[in-house]
Amino acid sequence: MSNRTLAILKPDCVKKNLIGNVIGKITDAGFKIKAVRMTKLTKDSAEGFYEVHRERTFFNDLVKYMTSGPCVPIALEKENAVEDFRLLIGATDPAKAAEGTIRKLYAESIEQNIVHGSDSDENAAKEISHFFSKKELLENYPK
Ligand code: CMP
């Protein structure tokens, strides 16, 4: 079990001015922010990030949406990070998300679903390195 996951506050989160609310929910749930930035994904970067979904029918729409405005990738740390974060955000489709989850509270559709969370420890490591260098993760500094 790894202790890290990658969140992305998606363009709908930024547009709706919900960055503060969502980060508050994340830190209230015990996650520590290891690294954070605001960025606008290029087509290449979004396609690379979502490579595993390339053959899916929604791939082109997903890339278009994720490049439509700024987003906020965040590297998070907590024991059992991947699983706990997925419980905190709720199901991909907000209509199926449990009460009290971030997507149930704020998301409006399966595409505009406010926040991404890694789905495995292996993908968390890959996804964190997609956005952050070891230097940005402050890995060479004492805790
Ligand atoms: P995310 O956790 O970022 O991972 C892949 C994304 O694809 C997912 O959130 C959704 O936003 C999107 N997605 C998954 N399934 C569908 C679908 N059936 N239609 C449109 N978008 C989808």
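In this predicted model, an N or O atom in the side chain of Y50 lies 2.6 Å from an oxygen atom of the ligand, a polar contact (a pair of N or O atoms within 3.5 Å). The protein covers 78% of the 460 Å² of accessible area that the ligand has on its own, with areas taken from the Shrake-Rupley method with a 1.4 Å probe.

**Ligand contacts**
- The side chain of K10 places an N or O atom 2.8 Å from an oxygen atom of the ligand.
- For I110, a backbone N or O atom is 2.8 Å from an oxygen atom of the ligand.

**Ligand surroundings**
- The residues around the ligand, each with a heavy atom within 4 Å of it, include H53, F58, R103 and E111.
- This shell divides into 4 nonpolar, 4 polar and 3 charged residues, where Asp, Glu, Lys and Arg count as charged, Ala, Val, Leu, Ile, Met, Phe, Trp, Tyr, Cys and Pro as nonpolar, and the others as polar.

**Salt bridges**
- The structure holds 10 salt bridges, each a side-chain nitrogen of Lys or Arg within 4 Å of a carboxyl oxygen of Asp or Glu.
- One of them joins the side chains of E77 and R4 at 3.0 Å, N to O.
- Because E77 lies in strand β3 (residues 72–77) and R4 in strand β1 (residues 4–9), the pair ties together parts that are 73 residues apart in sequence; strands are DSSP runs (E, at least two residues), numbered from the N terminus.

**Basis of the values**
- Residues are numbered from 1 along each chain as its sequence is written, and side-chain values use heavy atoms, leaving out hydrogens and water.
- As the model is predicted, local features need pLDDT of at least 70 and side-chain atom pairs count only at pLDDT 80 or more, while totals for chains, interfaces and linings use all residues.

Methods
Polar contact = N/O pair within 3.5 Å; in protein donor to acceptor, adjacent residues only side chain to side chain. Helix = DSSP H or I, 4+ residues; strand = E, 2+ residues; numbered from the N terminus.
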